[in-house]
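Welcome! Let us walk through a protein model together, one question at a time.

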Amino acid sequence: MTTESPATTDLSDDHGDAVRVLDPIFADFGSRDAFHGPVKTLKCFEDNAKVREAVEGPGNGQVLVVDGGGSERCALFGGNLAELAEKNGWAGVVVYGCIRDVAEIETFDIGMKALATHPKKSVKADGGKYDVPVTFAGHTIRPGDWLYADRDGIVIADKEL
Ligand SMILES: O=C([O-])CC(=O)C(=O)O
């Protein structure tokens, strides 16, 4: 079930400095214009084995936040992983890095933001760490934070708003 997401503009207006508004570096790719949920973090660099492992497990409405170090040299997410993410109940995925198969990703009911697209796959060496604080787009995001995304941007809060 999808619950309606509050507008990021309203969250920013209403909560001011109590929320973190990420720098506008992300592009929209998913079929869901808006999505939100508690954050699970993953930090990995040009290696997406743990991204697959995450979306193979239950999402329970969480948003997977992948800190890929901003790499624009390969894709950390694609159509097969989007299918798994939808099937397993992830609300959305935010990748500080690249993705591929965007036409396929749009056919699944998940939110998706990333820096850009890249045709090349990443290695699958099982590197990376779950549930660590990640820092990009001007702010630190911690596991258990709440992420709200829509076409205007991304807002992070310490708790559900
Ligand atoms: O498996 C990958 O590396 C990403 C991908 O292409 C997919 O999810 O279809």
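Visitor: What should I know about the numbering and the kind of model?

Guide: This is a predicted model, in which local features need pLDDT of at least 70, side-chain atom pairs count only at pLDDT 80 or more, and totals for chains, interfaces and linings use all residues. Residues are numbered from 1 along each chain as its sequence is written.

Visitor: Which residues of helix α2 are buried?

Guide: A residue is buried if 20 or more other C-beta atoms lie within 10 Å of its own, exposed if 12 or fewer, and partly exposed in between, with C-beta atoms placed from the backbone. Helices (H or I, at least four residues) and strands (E, at least two) are DSSP runs, numbered from the N terminus. In α2, which spans residues 49-56, the buried ones are K50, V51, A54 and V55.

Visitor: What do the buried residues of α2 pack against?

Guide: Two residues are in contact if their C-beta atoms, placed from the backbone, lie within 7 Å. For the buried residues of α2, the partners are β3 (35-43), β4 (63-67), α3 (79-87) and β7 (129-130).

Visitor: How do the axes of α2 and α3 cross, and what is that arrangement called?

Guide: Two packed helices are described by the angle between their axes and the distance between the axes. Axes are lines fitted to C-alpha atoms, for helices over the stretch in contact, and angles run from 0 to 180 degrees between N-to-C directions. Here the axes of α2 and α3 come within 8 Å and cross at roughly 25 degrees. Angles under 35 degrees count as roughly parallel, over 145 as roughly antiparallel, 65 to 115 as roughly perpendicular and the rest as oblique, so α2 is roughly parallel to α3.

Visitor: Which residues meet where α2 and α3 touch, and how do they divide by type?

Guide: From α2 come V51, R52, V55 and E56, and they meet L81, L84 and A85 of α3. Ala, Val, Leu, Ile, Met, Phe, Trp, Tyr, Cys and Pro count as nonpolar, Asp, Glu, Lys and Arg as charged, and the others, Gly among them, as polar. The residues of this contact divide into 5 nonpolar, no polar and 2 charged.

Visitor: Why do the buried residues of α3 line one face of the helix?

Guide: The buried residues of α3 are L81, A82 and A85. What covers them includes α2, β5 (92-99), α4 (102-105) and β6 (111-117). Seen down the axis of α3, they line one face because they fall within an arc of 105 degrees.

Visitor: Is A85 buried or exposed, and which residues does it touch?

Guide: A85 sits in helix α3, and it counts as buried because it has 27 C-beta neighbours inside 10 Å. A85 and V55 are 30 residues apart in sequence, yet 4.9 Å apart in space, C-alpha to C-alpha. Not counting residues up to four places away in sequence, A85 touches V55, G59, W90, V93 and I110.

Visitor: Is D23 buried or exposed, and what is it in contact with?

Guide: D23 lies in the loop between β1 (20-21) and β2 (27-28). It counts as exposed because it has 11 C-beta neighbours inside 10 Å. Leaving aside neighbours within four places in sequence, D23 is in contact with A137 and G138.

Visitor: Where is A137, and what is its phi?

Guide: A137 is in the loop between β8 (134-136) and β9 (139-141). It is buried, with 20 other C-beta atoms within 10 Å. Although A137 is not a glycine, its phi is positive, at about 50 degrees.

Visitor: Which residues are around the ligand?

Guide: A residue is near a molecule if its C-beta atom, placed from the backbone, lies within 6 Å of it. The residues of this shell divide into 2 nonpolar, 5 polar and 3 charged. They are N48, F77, G78, G79, N80, L81, R100, D101, K121 and S122.

Terms used
Arc of directions from axis to C-beta.
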